[in-house]
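Here is a short briefing to read alongside your structure. Take a moment to look it over before you start.

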Amino acid sequence: MGKQLRLICLVMFAFSLATTLCLVATSSAAPPPGDAQFGIIADNSNAFLNSAPAVNVPGTNYMDTTTLMALLDDNNDGTIGPGDDPTNDPLVIDVRAADAYTGTNTAGMGAGHIPGAIPVTTYKYQDIVKPANLEYIRSELAKHQNKTIVLACYSGHTDKLAEMALGAVAQAGYFGTPAPVITALKWGNLGWNSAAEPSVLAEVTPGTKDIYVHTYGMETTPHPLPAPGAYPVINNTTSTEPAEITRVADNLSESATSPPFIFPGTGTGQVNDSNIGNYTVVDVRSAAEYAAGHITGAVNIPYQQLFAKDGAGDYTNLLSIDTSKPVIVYANGQQESNAAVIGLNALGIRNAGAPDKGLRYGLAAWNNGYGMEFNANTEEHNYPVVTGSAPGGLTYSGQCPSSKPSLNLSAPSPYWGTVSDYNAGLLSVDWTISNSGSGIGYDINITGSINTNGVTVASALPLTVANIMSPGGSATATVKYNVPAGVGGWHTIMAGSATDICGTSYTLP
Ligand SMILES: [Ca+2]
Ligand SMILES: [Ca+2]
């Protein structure tokens, strides 16, 4: 008994995105210590935190609102549009909720957006490194000569979460090379137009909310870092693309913690003098700032050094964070700690039962004699905002690179995946798609399959083959087919889709 082995005849076709042919050899560097994915994510996080933005606030990775306004209002007439030069404009990405962007919020949380700013497609900063947003950002970035991305949230806090994830992904090559400069707008839309953010203004103005009235303990006694622990195992994805490994880890990190911060206070789930000992507290400010006064019991790792390797090539700083307790990270405000929180959670440097959190508003909220505060005299502006669901006020023309991907489908190898597959007549084919072009391919999907002899596709389509494929790269996706009894062979024509860095779509064949 048993079925006769079915002979398979598959007609191959080529995904042909461009005629340019340029094979690029992949590098063969030795894997980093620990899990290979750990090293890739840590190195890209480190590269981002130590990249130098073209325009920034000294000591932080920020662009201030005055600098952004000067780039948008070149002729300094107070409006953005006619008479201004678009060639130096950065890409501004608004990471607030939809009603803040469109100007329909009724609680004083946003009355519109910076002219030309684009939203995250889902209006959630946590989704910033999901494939649909990256595709959108790539296509918008292609229209800008100034390859700088400025992220803007309500008050310059959550944009740092998005910034870290997007920055590490960019350093890993998701936008090609060189990576765009990625920064956040200091004090966000609050600093751009405080009148448009009355509720946010109240939140950061001393005396108007209880976040600023604490005087919890500070000390000057240094605490040495404990001995390094073991490397966490990451393995979030089967992709071998460093950019995709970094993207998946940061995407998981963005969604792992909501809210991504912990308030100082005595309410449920808040932290204060009497329960701070239940946490590992990491001060990510400079050594000098730490020495001058820090939260009782805190250890110090400046955030630019957090993801760095030591002289022996080990990630000693990361591994020295005691994760036997939930981890709280803090800085002068909440900004640098937010960046650290995304990277730490992405790497699995966290307590098994609780994601890492940043201290809400940082030292400024823990003890109002310390920390970073909004300066109404110099940081409060009334720059123009526009309303509506589409980017308002400015249009840009695209400048796409000439290098294009060229994707090919390799000879498939049909097989029976399992005995039950065999008994059910479900044949598997591993379709390997490779990129022999000179540009990165994105969002590569198998979208359809036309078959002869009564064969049908059992797998759900569209099927994602890869979110990114570098020149010389490849990925394999398995498609299962229902093969009726007695069929000895069939022909199949596969259909697929992909994009290039400009968001240009390719439908195949
Ligand atoms: Ca300009
Ligand atoms: Ca102007």
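Residues are numbered from 1 along each chain as its sequence is written, and chains are lettered from A and ligands numbered from 1 in the order in which they are written.

**Confidence**
- The average pLDDT (the predictor's confidence in each residue, from 0 to 100) is 88, and 90% of the residues score at least 70.
- Over residues 1–33, pLDDT stays under 50.
- Where pLDDT is low, the predicted coordinates should not be read in detail.

**Domains**
- An automatic or database domain assignment gives domain 1 (53–205 + 374–397), domain 2 (210–373) and domain 3 (407–508).
- The centres of domain 2 and domain 3, taken over C-alpha atoms, are 43 Å apart.
- Five residues from domain 2 and seven residues from domain 3 make the contact (C-beta atoms, placed from the backbone, within 7 Å).

**Helix 4**
- Helix 4 (a DSSP run of H or I, at least four residues) spans residues 131–141, and its buried residues (20 or more other C-beta atoms within 10 Å of their own, C-beta atoms being placed from the backbone) include Asn133, Leu134 and Ile137.

**Alanine 485**
- Alanine 485 lies in the loop between strand 19 (474–482) and strand 20 (492–499), strands being DSSP runs of E, at least two residues, numbered like helices from the N terminus.
- Alanine 485 counts as exposed (12 or fewer neighbours) because it has 9 C-beta neighbours inside 10 Å.
- Glycine 425 is 60 residues from alanine 485 in sequence, yet their C-alpha atoms are 7.0 Å apart.

Notes
Predicted model: local features only at pLDDT ≥ 70, side-chain atom pairs only at ≥ 80, totals over all residues. Contact = placed C-beta atoms within 7 Å.
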